[in-house]
Structure formats: C-alpha cells, structure tokens
Amino acid sequence: MAEPTTQSATPTTGEAGSPPPFRHRHLLGIADLDPVEITALLDYSERMVEVSRQPNKKRATLKGRTQINLFFENSTRTQASFELAGKRLSADVMNMAVKSSSISKGETLIDTAATLNAMQPDVIVIRHSAAGAVELLSQKVGCSVINAGDGAHEHPTQALLDALTIRRHKNRLNGLTVAICGDIANSRVARSNLILLGQMQARTRVIAPATMLPPGIELLATEVFTDMEEGLKGADVVMMLRIQNERAHGKLIPSVREYYQFYGLDEKKLALAAPDAIVMHPGPMNRGVEIDPLVADCPASVIEEQVEMGVAVRMAVMETLLSQGNQ
Ligand code: NCD
C-alpha cells in the first residue's frame, strides 16, 4: 500500500478554500474512512483553525441550513463545540433537550427520528448511550448524520480533533508512538483513536488494568500493557482517559487511591515518556484520579488546544458533508 500523506498542507491565508470531495453522506465512525479521507479532513480543519482565530469568525457556507443537535446523553463540551461550529458556519442550530422531550414519554427512537426528519434538517448530530443507535437513526432520516458518540463504539470527531492536535505538534502521525491509558474497555474515544492511528501508521499502545481491557484489543492496538511504567517508555503522545463509571456494569476499581498510584499520570511517570511527549485528555478530566493536576496544567499538556481543535474539526466535517457535490 502506498504510504499515506500525513503531512499537513500549508494553510493559505485569507480564503479558506472549499471542502474536499467526500463520498460519504454521514460521519458514523472512523472505521468508514481511509487515510486519504482522514488527511483531507485534517487539512481542511487547519483552514477552520485559521478562520476561528480571526476576529470575524463567521462563514456563510451553511447559511439557510438547519442543524439539529440531538443528545441523549449528558454533554457539555461536545454539544457546545458542535453548536459553535454550526453557528460559525451560519447554520440555524437547534439543540434538542432530550430529557424534556417525548423520548421520556415513551416515544421510540425511530419515531423521534421521523418527527425530526419531517422538519427538514440538513444535518443531525447525535449522541446516544447505545452503540449502533446513531447508525440506526441515520437509516431513517433524509439528511446527513454525525455520530457525536454512541455507547462504547465510536466518537469520530474526537479522534479527528486528537489527530489534528497531535499533527500540529509532531508534524506527522505515521511512526509516532501513542500511549492511551485508562478505561479502554468502555471508551469510544479510545476505539476511534486506535482505528484512526492504525490507519495512519502510528504505533498504538493501550495501558490499563486487565479489568479495563476489552477482549480482542490486541487486534486494534499495536501493544497492550497492564504496567503503566512499561507502557509509557519513549511514548511521543500520552492520552489519558476517564473511568467511564456510567458505562461500567459494576465497580471497576477497588479504590481511587490505588488506581491513582498505578495508573494516574504524575510527573514521575510522565518522565518515562519521550522528553518532548505531549499529554492529552478528551475531558471531562478527573484530577487526582487519572491525572495529577500538576501534569494537567504543565507545558506538555495540550488539553485546552484539543478543545480549540474540536470546533475547527466539527466545522470542517459539517462543511464537507453538506457541500454541494458531497450530498
Ligand atoms: C468523551 C465522551 O463523551 O466519550 N468526552 C467528550 O467527548 N468530551 C470522553 C468521556 O466522557 O470521558
């Protein structure tokens, strides 16, 4: 297979250009994308970073289009990020408050989809606690659907924003060693990242206690570690994950203190990674559980930059899906 181009294209100043050609109507998972499509989305996201750093951040590209954010799970940052991305592109953005909607009155997912579809949206952004629910909904509506996280399955825009952040610091993805540490079994962020990084020829390591490793993980990750100190050695990127108590059936760890001792990222453990390693976290972060507050705020931490990249990636994805020719 030809080596995929993972270098970032130099963004042009001024005009942001037009989105790349794209053969998909929806963005349901990274598993549907090839390296060329991933690189094209990352390159276009770079343009959106530039747009977002200008005093006037408004683009007219989605003027007149309707975006519905349908979040069945609590979310602060992802929903805000999609809302801001849509507004920067001039879309009319509606947030569906699911808790106060008919869903809690017993309406099925499919009926909700049919109702929303009748309102003629152009894109529906969906987060749901069940893996596969977003794909099911995408089959019932006439517009584009973006998966904003479905159970422990996929969270594609998170993996894209993580890849963009890494590429901006390391200038490439191929050949890098990326260690993902924490509750791998219940994490859609880990899954989407492992798929993307594997596609882009990075070396992936997962680090977790055996109870937080899903069966078959060796098919997705290059290396699997239960010893964090071993797993961190020489890593270029250290990505920490929250314990997903809401998705775990039963208690995952005997005590927070013990977990922190063995799997919490502190300065001593971080010193085992490459000297120029960056520290990432998708948020929400639990300081003192998976990460030492000092590490979360240290110069190696790019956690706030991830949030900035999130808006840019979501702008790029929505423009790409809704641009003429891609629909
Ligand atoms: C992640 C998610 O929802 O999967 N967070 C996010 O998208 N901001 C990770 C998490 O909840 O721990």
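I take a polar contact as a pair of N or O atoms within 3.5 Å; within protein, one must be able to donate a hydrogen and the other to accept it, and residues adjacent in sequence count only if both atoms are side-chain atoms.

**Ground rules**

I am working on a predicted model, where local features need pLDDT of at least 70, side-chain atom pairs need pLDDT 80 or more, and totals for chains, interfaces and linings use all residues. I number residues from 1 along each chain as its sequence is written, and side-chain values use heavy atoms, with hydrogens and water left out.

**Entry 1: the ligand**

I began with the ligand contacts. A backbone N or O atom of P282 lies 3.5 Å from a nitrogen atom of the ligand. I then checked side chains. H155 has a polar side-chain atom 2.7 Å from a ligand oxygen. R242 also places a polar side-chain atom 2.7 Å from an oxygen atom of the ligand. Taken alone, the ligand exposes 310 Å², and the protein buries 95% of that. I note that accessible areas come from the Shrake-Rupley method with a 1.4 Å probe; for residues, only the protein chains shown count as cover.

The residues around the ligand are R77, T78, R127, H155, Q158, R188, V189, R242, Q244, P282, G283 and P284. I sorted the shell by type: three nonpolar, five polar and four charged. In this scheme Ala, Val, Leu, Ile, Met, Phe, Trp, Tyr, Cys and Pro are nonpolar, Asp, Glu, Lys and Arg are charged, and the others, Gly among them, are polar.

Which helices each supply at least two residues of the shell? I found α2 (77-88) and α6 (188-199). Helices (H or I, at least four residues) and strands (E, at least two) are DSSP runs, numbered from the N terminus.

I stayed with helix α6, which holds S192. Is S192 buried or exposed? S192 is buried, because its relative accessible area is 0% and buried means under 20%, exposed over 50%, partly exposed in between (1.4 Å probe, protein chains only). The S192 side chain makes a polar contact with the side chain of E154 at 2.6 Å. A polar atom of the S192 side chain also lies 2.7 Å from the backbone nitrogen of H155. H155 is the residue I logged above with a side-chain atom 2.7 Å from a ligand oxygen.

I moved to strand β4 (residues 144-150), where N147 sits. N147 counts as buried at 1% relative accessibility. A polar atom of its side chain lies 2.9 Å from the backbone oxygen of L28.

F22 lies in the segment before α1 (35-52). F22 is buried, with a relative accessible area of 8%. I took the C-alpha distance from F22 to A40: 9.0 Å, for 18 residues in sequence.

**Entry 2: backbone geometry**

Most residues other than glycine have a negative phi, and most peptide bonds are trans. I looked for departures.

The peptide bond from G283 to P284 is cis, with omega near -10°. P284 is in the loop between β9 and α10 (293-296).

Q120 has phi near 60°, a positive value. I place Q120 in the loop between α3 (109-117) and β3 (123-128). Q120 counts as exposed at 62% relative accessibility.

Q201 has a positive phi too, near 65°. Q201 is in the loop between α6 and β6 (203-207). Q201 is partly exposed at 35% relative accessible area.

Definitions and conventions: Near = heavy atom within 4 Å.
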